Amino acid sequence: MLSNTGNFLLILSILFTSFIIYQSFACLKKTNDIIFKSIYKISLLQSTTILICFFTLVGAFMVSDFSLINVYQNSHTLKPIFYKISGTWGNHEGSLLLWVIILTIFSFLFLITNKNHPKNYRINTLIIQNILILGFLFFILFNSNPFSSISPIPKEGLGLNPILQDPALAIHPPLLYVGFVGSSIYFSAAMASVITNYSGKFFAQSIKSWVIISWSFQTLGILVGSIWAYYELGWGGFWFWDPVENASLLPWFAMTALLHSLLVLEKRNILYFWSIILCLLTFTLSVTGTFLVRSGILNSVHTFANDPSRGIYILSFLSLMIFASVYILFTKYKPTNDQINSNSKETFILINNWFMMFYLITVLLGTLYPIFTDAISNNKISVGPPFYNSVIIPVVIIFLFFMAIGPKVRWMKNEFLNFKDLLKIIVGAITVNFIITYFFKSYSLISNLIIISSVFLIISTISDAFKKPKINFARIISHFSFGFLIFFIGLNHNFSIEKDFNLKLGETKKIDNYNFELKDLKLQQYDNYKAVIGKIQISDLSTNKKRTLNPEIRIYDNPQTLTYEASIKTNFFRDYYLTMSNIDRSDYYNIKFQEKPLMIWIWISVVMLSFGGFLSFIRNAKNN
Amino acid sequence: MQKIIKITIIFLLIFILGIFFLSLNKSSNYNTEFLVGNKLGEIELVSFEDDSVYTNDDFKNNSFTLINFWASWCAPCRIEHPQLMELSKENNIKILGVNFKDKKINALKFLKDLGDPYEYLTRDSNGKQSVNFGIYGIPESILIDNKLTIIKKFVGPLTKHDLNNIIEIINNL
């Protein structure tokens, strides 16, 4: 029953989408500047239908309707209702539906919020966006249909992968999708802009809010994924340069560059071509990321069940998208003459863009290189953190300095009057670094430079907040929190402690300044799993403080899986992180203990970074 | 000039998309099955007890050698250990143990508790040697003959079935 409803709604959405495209072409032929009322109405209907379609699937998951293959494969009656719901987008088919929702809603919102821009530009954007929607709807209906039915109807489902049963992971995909699927709207707008020759300042204004909002969500999405990996995968790290993590970072770099180049386009009417490239690049990278993850080329925790036909479809779609945009760009673009004074804000923003491109290319190379060597020479290699760390970290140092100075520079023509101030700030930054090394312990030269440059950015940004007559708080918060982010990552990296040992019940072990005692083990039964919960007391011998951590070994029934839940004690100064795993045929447990200083501040910095984005969105909305 | 840039961009895009297409038809799971039938490369394994080195010549006099990669911290290694003990009773085969990224004291305790099936015991403290054998997880075992040709690979713990399989192979030839 739900299968039929879902399929009917999908077909209805395809009809509405086709009708929007048809009506839009008709509207283009009219010489007046009015968009047909019917286009608004159908767009609203289209969004509503897709939403109902999605909620039909959510409903099927809630009532455990196992007549749908998708529900059967990814749910179970014993699952808590929260995870039944989040299971909707915890799989390939359901998450594609979420894709289309964001494509559609952004399309509708763009249509109704840009009324002061020319008709042709808006209609062309709508056409391109709806072609994208149509492509994905066909993909869903014919290849990845979440409403496919199964007969006879199974009595019980196979369950959702336990490591995905987690609150952070329930919200991770929607956040990330608003980010990178949201970038579709400025992909469409950029194409429309080139086609209709609607360039410059006004184009920048029309897409700025969309870029900011998708950037903010993308930032949050990456953060939530990172937090999840930190406590769920039991690695104790928060960024692993895993190819799939990289896939979410690539569009983020392009978005960040775009965010800044739009400022120049809006203010000075230059860098139009570059902004267009970035618009196209952001969404192209998003689809490339989706292709890499869904086709099964990459092996990672994110890999969904492998199906080659899926890869072929997304790849064809991606190729079509790329070549169409390149063709339009090459044939329709009219070159402009951009002149930039080398000592001006424009130059500094351009430098920011080049840094972003450097990071983007580095991460892209690191991600694609193993795929290339495998395809060409059958050689399996993997590019790991040492590559990224050694290429990216030294460049971050220089980047932070530019990031600190950039906002102080004036548009058009700058004079460095504040040289003395900069000198004061750098002395301050070196002093802070000196205090840290004096009171704690020394670290490598590169870490020293990281701390100095990040503190330089922090102080410099704070000083901006007091100087200018018109303060841009959004920018200050974002830059300030980025400085903090790098600062805390640097300290965390240098002062983390890691211990690995075996312990049995009742045993006490002394390692460095700590005493570890496995005091108790108990077995607890939960709804959908049972857990062996350890009670481990850690005594700090220097302060005599005792802390109890309770790591878990969970045994899930459906599907049968063992997971190790880290126990984390967080405070403002440090995280105590402990995982416990059983050793077969032994009464010993393997304990991995980490002390990670200032961990929570890394998360707070990213939340603030994203908050800066939201603030900028509100500010921009007010101004326009 | 502009034309050259345009053509370069298009070729680059075609190249990237082409590679993606090629990759689609490949299995992304790392598989070393293709090593079967090949000869082992140069072996240079450091003895567990002292710094002496075992090379290819040391194994040419055995009819068969099973190279077993293990560690005391590896739970599945404990599971397969009885099979190795069983196999060590056979005359036609010698077992070469490669202790992988392990602490000596833990490894010795492991062997003291569960028995020592190894004719030769070597260590690979940083895991580099094992990579040369195409090992990507432990336990793994490689069965070679006296010409040092790889006859079979076992990824994961040896089961009873694997044990019978090995015994069958070594007694039939």
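This talk walks through the sheet, a helix pair, the domains and the chain contact of one predicted model.

Since the model is predicted, local features need pLDDT of at least 70 and side-chain atom pairs count only at pLDDT 80 or more, while totals for chains, interfaces and linings use all residues. Residues are numbered from 1 along each chain as its sequence is written, and chains are lettered from A and ligands numbered from 1 in the order in which they are written.

Let me start with the sheet in chain B. Seven strands form an open sheet in the order β2-β1-β5-β4-β3-β6-β7, and the pairing is mixed. Strands here are DSSP runs of E with at least two residues, helices are runs of H or I with at least four, and both are numbered from the N terminus; two strands pair if DSSP finds at least two bridges between them. At the edges of the sheet are β2 (53-55) and β7 (150-155) of chain B, each of which pairs on one side only. On average, and with direction ignored, neighbouring strands of this sheet are turned by 30° against each other, where axes are lines fitted to C-alpha atoms, for helices over the stretch in contact, and angles run from 0 to 180 degrees between N-to-C directions. As one pair from chain B, strand β3 (residues 64-70) and strand β4 (residues 93-100) run in the parallel sense over seven bridges, and B:Trp70 has B:Asn99 in β4(B) as its bridge partner.

Next come two helices of chain B. The axes of α2 (residues 75-87) and α5 (residues 160-172) come within 9 Å and cross at roughly 20°. That makes α2(B) roughly parallel to α5(B), because angles under 35 degrees count as roughly parallel, over 145 as roughly antiparallel, 65 to 115 as roughly perpendicular and the rest as oblique. The contact involves B:Gln83, B:Glu86 and B:Leu87 from α2(B), together with B:Lys160, B:Asp162, B:Leu163 and B:Ile166 from α5(B); two residues are in contact if their C-beta atoms, placed from the backbone, lie within 7 Å.

Turning to chain A, an automatic or database domain assignment divides the chain into domain 1 (1-165), domain 2 (388-495) and domain 3 (497-600). The C-alpha centres of domain 1 and domain 3 of chain A lie 44 Å apart.

Finally, how many residues of chain A are in contact with chain B? There are 23 residues of chain A in contact with 19 residues of chain B. On the side of chain A that touches chain B, α11 (308-332) and α12 (345-377) of chain A each supply at least two residues, and the largest share, eight residues, comes from α11(A).
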